[in-house]
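This report looks at one residue, then at a pocket, and finally at a helix.

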Amino acid sequence: MRSRFLPYATTPVRMTAQLVSDVLIAVWITVWVMVGLAVHHAIATIAGVGRQVNDSANGISENLNSAGDSADRIPLVGDTVAKPLRAASEAALDLAGAGQNLNTTATWLAVLLAIAVAAPPILAVGMPWLFLRIRFFRRKWTVIALAQTPAGEQLLALRALANRPLRRLTEVSDDPVGAWRRQDPTAVRGLAALELRSAGVARVPASR
């Protein structure tokens, strides 16, 4: 039975509810992922400033250092002129280092804040949804496997006697317990069908 491998009910109402919940979950996750990306983009802008400072300061440092080398060749006053240029070059390197640190810190902060903003609401809704869907799928898989054997069908009928409303039981048989004890095939199949429907399965698979 191919529907056994699908994580959806085969009863129309329950399948519709599951599909609607899937769509809502997908929209919820999409919204919070977009919020997380917006936060990441906002913080990453600061990292971009750090990269610009680093690149610009490195360029200035190279130019000042080159100017210092050129000034050093001036007779008599070359060393005097070159020293402040090299000092300014080193200061520009310090500024470049600060820009690089800002870039690194802001890059990591952008990732961490994006996760911190998006993950909690996604997990708060997504984990219970995933738990319920896995539990449903395991129950559906189990009841279908049981319904495909005579003994399993009787067990499902017994569970129906214990769990389903009396009104639904009497719709199957006026004496559902007696019918189950007599192993009335029609009553057993009807009781098993009640348990299958409660698990989201619309019909009883054929017994092996």
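Glutamine 18 is found in helix α1, where helices are DSSP runs of H or I with at least four residues, numbered from the N terminus. This is a predicted model, in which local features need pLDDT of at least 70 and side-chain atom pairs count only at pLDDT 80 or more, while totals for chains, interfaces and linings use all residues. Residues are numbered from 1 along each chain as its sequence is written, and side-chain values use heavy atoms, with hydrogens and water left out.

Glutamine 18 counts as buried because its relative accessibility is 8%, buried meaning under 20% relative accessible area with a 1.4 Å probe and protein chains only. Apart from neighbours within four places in sequence, glutamine 18 is in contact with Pro7, Tyr8, Ala9, Arg133 and Phe136, contact meaning heavy atoms within 4.5 Å.

Gln18, Arg133 and Phe136 are also among the residues that line the largest pocket. Six residues of this lining, the largest share, come from α2.

| Feature of α6 | Value |
|---|---|
| Residues 185-198 | 14 residues |
| First C-alpha to last | 20 Å |
| Expected at 1.5 Å a residue | 20 Å |

The expected span is 1.5 Å times one less than the number of residues in the helix. At the start of α6, the backbone nitrogen of threonine 186 has a side-chain oxygen of aspartate 184 within 3.0 Å. Among the buried residues of α6 are Ala187, Val188, Leu191 and Leu194, and just after α6, glycine 200 takes a positive phi of about 90 degrees.

How values were computed
1 Å grid on protein atoms, 1.4 Å probe; cavity = no way out; pocket = protein on both sides within 12 Å on 5 of 7 lines; lining within 4 Å. Helix = DSSP H or I, 4+ residues; strand = E, 2+ residues; numbered from the N terminus. Buried < 20%, exposed > 50% of the residue type's maximum accessible area, 1.4 Å probe, protein only. Polar contact = N/O pair within 3.5 Å; in protein donor to acceptor, adjacent residues only side chain to side chain.
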